[in-house]
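Please have the model open in your viewer, with a selection tool at hand. The stops below say what to select next and what is there.

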Amino acid sequence: MESLLDPSRVRMSGRITRFHSERGWGFIDMNGVDVMVHVNDCKPEDVELFTGGQPQAGDWVTFEIEPRKDNPGHMQAKRVVGGTDERCCNTKGKGQAQPVPGTGKCFGVVKCFNTKGLGWILCADGSLAWVELADCVGTRPVTGDQVQFDLEPSEAQPGKMQAVNVTGGTAPMDLRDAILGKDLARQAAQAPAPALTLKRNANGHLVGCVCAACAQSGMSNIPVVTTIVGPDGTQAIPVLGVPR
């Protein structure tokens, strides 16, 4: 018979101190002890749709603890409840698409929307409307997006209304066109630094040169003008400098 004090069977509580949403792990402060937590051990807010329930810094959660398999000397949280953030897999592409103008008569906020293209919209009157990707126009909705739509009775959710002609999503319709935040950061880090194109005078010297030949011909008094060339070849606004 297992001991009633077996820590793996007792519900603990603690506060999320940090959580990396894209990597899916973080730590819980349990009375001064750091307990690792992984998103796979967190209960979704909507189990059927597999949405929500991911922790974020500041959340108070309840959980059970077990020794980590790769490091038995440290504990890991299991069966975690209380996360208030959307799961990273459901937010891919958020903010990467421009919504098309809407014509719907209703407005609301996307409560949840999963990778399979199913979710719920919280309407302005407080009711919930079922939403499917097939009824979205131009872009894909993501949790938290403000959307515009029309309503009709739902066949998939009897007794509920379904949103159609949905606009306002901020992600690409095809998730294969979406980019994760870590990939955006990698692209920015790999982008070449802007190049400077330096101008030369009639003597072949840099504009603003103060050598004797340029000074005698009056070319030393010409303002220095350089142009910043971006990685895509476009030229930015010229930068003026004063020769010394």
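A residue counts as buried when its relative accessible area is under 20%, as exposed when it is over 50%, and as partly exposed in between, with a 1.4 Å probe and protein chains only. This is a predicted model, in which local features need pLDDT of at least 70 and side-chain atom pairs count only at pLDDT 80 or more, whereas totals for chains, interfaces and linings use all residues. Residues are numbered from 1 along each chain as its sequence is written, and side-chain values use heavy atoms, with hydrogens and water left out.

**The whole chain**

Begin with the protein chain in a cartoon view, where two helices and 13 strands can be found; helices (H or I, at least four residues) and strands (E, at least two) are DSSP runs numbered from the N terminus. Of the 244 residues in the protein chain, 34% are buried. A contact means heavy atoms within 4.5 Å, and among contacts between residues at least 6 apart in sequence, 56% join residues at least 24 apart.

**Glutamine 76**

Select glutamine 76, which belongs to strand 5 (residues 75–81). Is glutamine 76 buried or exposed? Glutamine 76 counts as buried because its relative accessible area is 14%. Its side chain makes a polar contact of 3.1 Å with the side chain of aspartate 41; a polar contact is a pair of N or O atoms within 3.5 Å, where within protein one must be able to donate a hydrogen and the other to accept it, and where residues adjacent in sequence count only if both atoms are side-chain atoms. Apart from neighbours within four places in sequence, the residues in contact with glutamine 76 include Val35, Met36, His38 and Asp41.

Next, colour strand 6 (residues 106–113) and strand 9 (residues 146–153), which run antiparallel and are joined by four bridges; two strands pair if DSSP finds at least two bridges between them. In this pairing, valine 109 stands opposite glutamine 146 in strand 9.

Within strand 10 (residues 161–167), select glutamine 162, which is classed as buried because its relative accessible area is 8%. Which side chains make polar contacts with that of glutamine 162? One is the side chain of aspartate 135, at 2.8 Å, and another is that of serine 154, at 3.0 Å. Not counting residues up to four places away in sequence, glutamine 162 also touches Trp130, Glu132 and Leu151, among others.

Asparagine 165 has a positive phi of about 55° although it is not a glycine. Most residues other than glycine have a negative phi.

Now jump to asparagine 31, in the loop between strand 2 (25–30) and strand 3 (33–38), where a positive phi of about 55° is again found in a residue that is not a glycine. Asparagine 31 counts as exposed because its relative accessible area is 78%. With serine 13 also selected, the C-alpha to C-alpha distance from asparagine 31 is 8.8 Å, for two residues that are 18 apart in sequence.

**The largest pocket**

To see the lining of the largest pocket, select Glu45, Asp46, Thr51, Gly52, Thr84, Asp85, Glu86, Lys111, Cys112, Trp120, Leu128 and Thr143. About 160 Å³ of space lies in this pocket, and its lining has three nonpolar, four polar and five charged residues. Here Ala, Val, Leu, Ile, Met, Phe, Trp, Tyr, Cys and Pro count as nonpolar, Asp, Glu, Lys and Arg as charged, and the others, Gly among them, as polar.

On a 1 Å grid over the protein atoms alone, a pocket is an open set of points with protein on both sides within 12 Å along at least five of seven lines, a cavity is a set of points where a 1.4 Å probe fits but cannot get out, and lining residues have an atom within 4 Å of a point. Grid points are joined across faces, edges and corners, and a volume is the space filled by probe spheres set on the points.
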